[in-house]
Amino acid sequence: MRIVVVGAGEVGYHLAARLASDQHDVVVIERDADIAGRIQTHLDLLVIEGNGASLTCLEKAGIQKAELLLAVTNFDEVNLIACLIASQFGVRLKVARVSNPEYYQHRGALQERRFGADLLINPEKECAREILKLFHRSAASDVAEFADGRVVLLGLSVEKDAPVAGLTLAEIGQKHRERHFLTVAIDRNGDSIIPTGETRLIPGDEIYLVAESHHLKEAYRLLGLESRQIRRVMLLGGGRVGLALARMLEWEGIHPTVLEQSRDRCVHLAEELDTALVLHGDATDLDLLVQEGISETDGLAAVTSEDETNLLASLLAKHLGAPRVIALLKRSEYIPLVSRIGIDAAVSPRLSTANRILQHVRGGRILSMAVMERNRAEAMELEVLGGSRAAGRKVQDLELPSGAILGSVQRGQEVTIPRGDTRIEAGDRIVVFALPDAIEETARFFA
Amino acid sequence: MQGRVVLNVVAILTAFSGVTMLVPAAASLLLGEEAAVHILAASGLTVAAGTLVYGRTRPIEEITIRDAFAIVTCGWVAVAAFGTLPYLLTGSIPSFTDAFFETMSGLTTTGSSVVRDIDLLPRGVVLWRSQTQWMGGMGIIVLSVAILPLLGVGGMQLLQAEIPGLTQDRLRPRVRQTATLLWVVYALLTAVQSLLLTVGGMTLFEAVNHSFTTMATGGFSTENASLGAFESPFIQYVVAAFMLLAGINFTLHYSVLSGNWRAAVRNRELRLYLAIAGVSTVLLTLLLYVPVPAYGLEASFRAGLFQAISIQTTSGYVTADYATWLPAAQVILFLLMLIGGCTGSTAGSVKVLRYMLVAKEARISLRKLLHPQGVFAYKVDGRVVSADALASVSGFLLLYLTALAAGVLALALFGLDVATAAGAAATTLGNVGPGFGRVGPTGTFAGLPGGSLWVMSFLMLLGRLEIFTVLILFTRGYWRR
């Protein structure tokens, strides 16, 4: 499938790389010659240097033959015009990255057409939404929701004094007959493994588990974790992500404290927000953080535009006793560092956006999907088709690719966490978890 | 400042006010009064004076901000000065000082009067008296901009100097259209009220006069006992309702009339305004009913409601002698005098929005103590109020209180007793009407020392033009190039 990506910034680069590795024909249009050159040498795709909103450029990129257009430059207008042009050429799916709420909240006539775009996506907002989810699922480093929120996938750690520490998964299964959660992956010493019944959980393990939402408490108890409600939230950095997040928190009735370095931005924030407290100061100003009661917060997110500041501020916050700290990191290279230095979770705009976009790229049978921040594994929710290899089989006879595991089965309104003898029927909605190497094969398995 | 330009526009305004005198002249003529001739003469003199000056001055090319302040202030003084002619020529009020006070009280919609017995005045003069309030209510300049084509240039500057409210919403792209729209809404409400009052049993003359002075929140009546002369509860309720409406921002009236109810429902100032009126009504009702239950609950409620609204909207009608009420009730009325209606209404005094903003500022100062590095925005109805606007509100409040204090002191120097001086200063500065003590609900301003009447005339003008426009003429910076 031919895919045209306009703009090779944070989001565009990641998407292009991802799609190219999925064996798609990717053409990138980038205005900056340096960036264009760098992509050409690093990735196996075609780069066209020029303006993504220009007809000639898009034609050069083969927009006539393209099935997909991802317009993800930093400029809303360029993205929207690119979509508008693409819609004239009958491109099947047009995705535009849009930051200005005026464009996606428009009413009336514009609402219908959306400038020809099928999907308007706002990376900052996606990020904010993800951080909010992490706030609500305490102790989790990754969160994804499926089946309208009835099934959750969480990244959690095994505590030292956890009731399940030292036990194999089979033993845990025997001890707790009612199985409401399933361990789908374990990260240990930088490696990701799909566990078997003999795998032992040891303290310090980062595990991924699939659970029914209303049985999460039990899972938390077994892992020695505490689940707490958030009331007091502090945001370090009032950029686009900070502002979006603060707004979402306000809607939920939480009054966040927002710390921002630029005086002008502070004024803007104060004007935009209603109940939030806006502070002018540095995110790494120890005195100020203590003064404003950092240790009494239930959640803290470091969301400045600088990765380094976010890491440092998160460390400081942890040091000062903030119980739950989430960092915004643009560079995914830093993400593995996060759990090692004690920060609870990290979120990156690339991955958040990629999550949303890839789901659409993969086509209709994938209902939703999520990419894990930490190890790039993917969880996909999909419908089992009548003629597929899986239909009518028991789980133990499935012969899933190694590196993939079935997380949950939903039939009608009922959700079950599968056992070996659970039978898969056509029409079931399943959540399947796959490590990076197995993603391609897994997706084909259910086709 | 371009003196000739100022004179030119003032001349137009004067001539225009002379033309409006034809209305009472015609009414007088219809009623077969002798005074018709005198009012006609007053009209002729005013128009002649205006035209004469107009012919000798340069027509406007461009109005600067400086000119605008001078034009508005001088315009008001000139119109008030010539407005005395109907009183003087008919002999209704023989002294110029008294007549000037009466006209200024009319134009500024104050409603304080030096007339001891209204029944002795020719009806034409009574109508002129009410009409000055009606014209002053929405603003002489606004009216002129709406009607006279020659004031299109620089009209906005003039408008801003005359209604320096905080919400300068232009309803339409052109100044003239905005001004016309405001007057249409104003006239419409006046007409509806006249109709209702006629239904309630007033004669057409009484109905029109009272509607003129209600919508302007003026308070002049055709009767010596004010609205108290009309026993009908219906009439009192109608007047109370329309006073309340007149105290609301006319932009909101326009919104509602054009189908946008939400704007009104969401408006915070309106909500607070209604809340203040509601709470004071309840308090006054209790203070009237509890000590004298024999008075009746409905009657107590009606008296409390009417007086609270009348004073808060700075109308100044009276249906009861509140001087005989409990001290607490009188204090409530005095406080209402210092609050006033909504911005953009015909009501005077400080106005609710200013208090809202100052209260907000105070709250933010408190929060700032807790969070020294906090950054806060001042928002009203989701719209940000600039720091400049806020500073001007604080400045206004200070100047208002200073003017009040200076006024009380000046009046006391003329020998007025404390209650009278305080009441008279507050009532004239706030454009309310009746005060306390000698100038209470049953008294008049007649017989007060001439000097004190000039002081009060000045206070009325100061209050009506919201201080800044007048005061700026007395600053050194204004005259320096």
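Predicted model: local features only at pLDDT ≥ 70, side-chain atom pairs only at ≥ 80, totals over all residues.
L279(A) finds its bridge partner in G374(B), a residue of strand 1 of chain B. For the contact between the chains as a whole, chain A supplies eleven residues and chain B eight. The residues on the chain B side sort into four nonpolar, three polar and one charged. As for confidence, the model carries an ipTM of 0.71 and a pTM of 0.79, and chain B has an average pLDDT of 88, with 94% of its residues scoring at least 70.

Seven strands form an open sheet with mixed pairing, in the order 17(A)-16(A)-15(A)-12(A)-13(A)-14(A)-1(B). Strand 17 (345-347) of chain A and strand 1 (374-375) of chain B are the edges, and each has a single partner strand, so one side of each lacks a neighbour in the sheet. Further in, strand 13 (residues 257-260) and strand 14 (residues 277-280) of chain A pair in the parallel sense, with four bridges between them. Within this pairing, E260(A) has H280(A) of strand 14 of chain A as its bridge partner.

Helix 7 of chain A touches strand 12 (233-236), strand 15 (299-302), strand 16 (325-328) and strand 17 of chain A, and its direction makes about 165° with that of strand 17. Helix 10 of chain A touches strand 12, strand 13, strand 15 and strand 16 of chain A, with about 165° between its direction and that of strand 12.

These two helices pack on each other as well. The axes of helix 7 (residues 123-136) and helix 10 (residues 240-251) of chain A are 8 Å apart, at an angle of about 50°. Helix 7 of chain A is therefore oblique to helix 10 of chain A. The crossing of the two is right-handed. Helix 7 of chain A brings E124(A), K125(A), C127(A), A128(A), I131(A) and L132(A) to the contact, while helix 10 of chain A brings R240(A), V241(A), A244(A), L245(A) and M248(A). Eight of these contact residues are nonpolar and three are charged, with no polar ones.

Helix 15 (residues 268-289) and helix 16 (residues 297-312) of chain B have axes that come within 8 Å and cross at roughly 135°. This angle makes helix 15 of chain B oblique to helix 16 of chain B, and the crossing is right-handed. Helix 15 of chain B contributes I276(B), A277(B), S280(B), T281(B), L284(B), T285(B), L288(B) and Y289(B), and these meet residues of helix 16 of chain B that include L297(B), F301(B), L305(B) and I309(B). By class, this contact comprises eleven nonpolar and seven polar residues, with no charged residues.

In the other pair, helix 7 (residues 123-138) and helix 11 (residues 204-215) of chain B pack with axes 7 Å apart, at an angle of about 30°. Helix 7 of chain B is therefore roughly parallel to helix 11 of chain B. Here the crossing is left-handed. Residues of helix 7 of chain B in this contact include R123(B), L127(B), Q131(B) and W134(B), and on helix 11 of chain B they meet F205(B), N209(B), F212(B), T213(B) and M215(B). The contact of helix 7 with helix 11 of chain B divides into six nonpolar, six polar and one charged.

Notes
Residues numbered from 1 in each chain as written. Chains lettered and ligands numbered in written order. Axes fitted to C-alpha atoms, helices over the stretch in contact; angles between N-to-C directions. Parallel < 35°, antiparallel > 145°, perpendicular 65-115°, else oblique. Left-handed = near helix turned anticlockwise from the far one by under 90°. Contact = placed C-beta atoms within 7 Å. Nonpolar A, V, L, I, M, F, W, Y, C, P; charged D, E, K, R; others polar. Pairing = 2+ DSSP bridges. pLDDT = per-residue confidence, 0-100.
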